[in-house]
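Subject: A structure for you to look at

Hello,

I am passing a structure on to you today, and I hope you enjoy looking through it. Please open it first and then read my notes alongside.

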Amino acid sequence: MYPLYKYCNIYPFISHTQAQTNMAVYLCFLLFLVISYVSACDRCVHQSKAAYFSASAPLSAGACSYRSLALSFNGGHVAAGVPSLYRNGVGCGACFQIRCKNQKVCSSGGTKIVLTDLNRSNKTDFVLSDSAFMAMARNGMAQQVSKLGIVDIEYKRVPCDYKSQNLSVRVEQSSQKPHYLAITFLYQGGQTDIVAVDIAQVGSSNWSYLSRNNGAVWDTSLVPAGPLQFRLVVTGGYDGKWVWAKKVLPANWKPGGVYSSDVQISDIAQEGCSTCDIGNWN
């Protein structure tokens, strides 16, 4: 992982055009903006409340734009998070461990969820899928937990682990070759955020950047020809890192297609919050 100040210092030296230098300045500003937006450490345990959706439709049409694919993440254990967790889409795909504090009906382990939607209510930090909500229960007490509707919880962010699944790219249906490309990153492991995305033809050093369109969707109207490679800036806490996917989209990429990057993000970014960097809950 590269400390952010080192990243911002070295980026101009690997840029070969004025446009890329301007992009470097923009990316460094973006990184500082993202870091400053986070008001608390990822690893801190937070106290709040959680409710659940009684139907899957809201989550499959979630603000992260994963659509129906969201319901396949983590066995359907997904959730909508408040704006401080959603972070204008930066938080899409983040994983959290959540446990209910009602020890009579809830287990001590709780459940792990993937953030796929924005919760606009100020009553709870999370609205979980019904399966995730009931997974917080002790054995045989899922229905009792479900009847509660809203429960007191404690939660913290944890690394995502997709085991043998690589970071993948879905080409959105709105894409129109060669004028427009919109993509969504799927199965992001580790505990970092994607804060910048560059694209180039395979074998070329002529990089251009994508913009976050909405949720987890990135897009560009400057679409290189041929097979495409990506490089990402992932960050968390005060560190940033390059992840380079050298060959992702084939020359004949199609809207709706899902393509493996052949890489995975497994890092857990360093943070300046040792007072709450705890591995176990007591």
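This is a predicted model: local features need pLDDT of at least 70, side-chain atom pairs count only at pLDDT 80 or more; totals for chains, interfaces and linings use all residues.

The barrel

Six strands form a closed barrel in the order 2-6-3-5-4-7, and their pairing is mixed. On average, neighbouring strands of this sheet are turned by 45 degrees against each other, if direction is ignored. In general, strands of a sheet pair through backbone hydrogen bonds, either parallel or antiparallel.

The disulfides

How many disulfides does the structure hold? There are three.

Cys64 is joined to Cys92, with an S to S distance of 2.1 Å. This pair ties together distant parts of the chain, 28 residues apart: Cys64 sits in the loop between helix 3 (57-60) and strand 3 (78-81), and Cys92 in the loop between helix 4 (83-86) and strand 4. The link of Cys64 and Cys92 is left-handed, with -90 degrees about the S-S bond. Cys64 is buried at a relative accessible area of 0%, and Cys92 is buried at 7%.

Cys95 and Cys160 form another disulfide, with their sulfur atoms 2.0 Å apart. Here too the pair links distant parts of the chain, 65 residues apart, with Cys95 in strand 4 and Cys160 in the loop between strand 7 and strand 8 (168-171). The torsion about the S-S bond of Cys95 and Cys160 is about 115 degrees, so this disulfide is right-handed. Cys95 has a relative accessible area of 3% and is buried; Cys160 counts as buried at 7%.

Cys100 is joined to Cys106, S to S 2.2 Å. Its torsion about the S-S bond is about 70 degrees, so the disulfide of Cys100 and Cys106 is right-handed. Cys100 is buried, with a relative accessible area of 5%, and Cys106 counts as buried at 3%.

A buried aspartate

Lastly, have a look at Asp267, in the segment after strand 15 (258-260). Is Asp267 buried or exposed? Its relative accessibility is 17%, so Asp267 counts as buried, the cut-off being under 20%. The side chain of Asp267 makes a polar contact with the side chain of Lys241, at 2.9 Å.

Methods. Residues are numbered from 1 along each chain as its sequence is written. Side-chain values use heavy atoms; hydrogens and water are left out. Helices (H or I, at least four residues) and strands (E, at least two) are DSSP runs, numbered from the N terminus. Buried means under 20% relative accessible area, exposed over 50%, partly exposed in between (1.4 Å probe, protein chains only). A polar contact is a pair of N or O atoms within 3.5 Å; within protein, one must be able to donate a hydrogen and the other to accept it, and residues adjacent in sequence count only if both atoms are side-chain atoms. Two strands pair if DSSP finds at least two bridges between them. Axes are lines fitted to C-alpha atoms, for helices over the stretch in contact, and angles run from 0 to 180 degrees between N-to-C directions. A disulfide is a pair of cysteine sulfur atoms within 2.5 Å.
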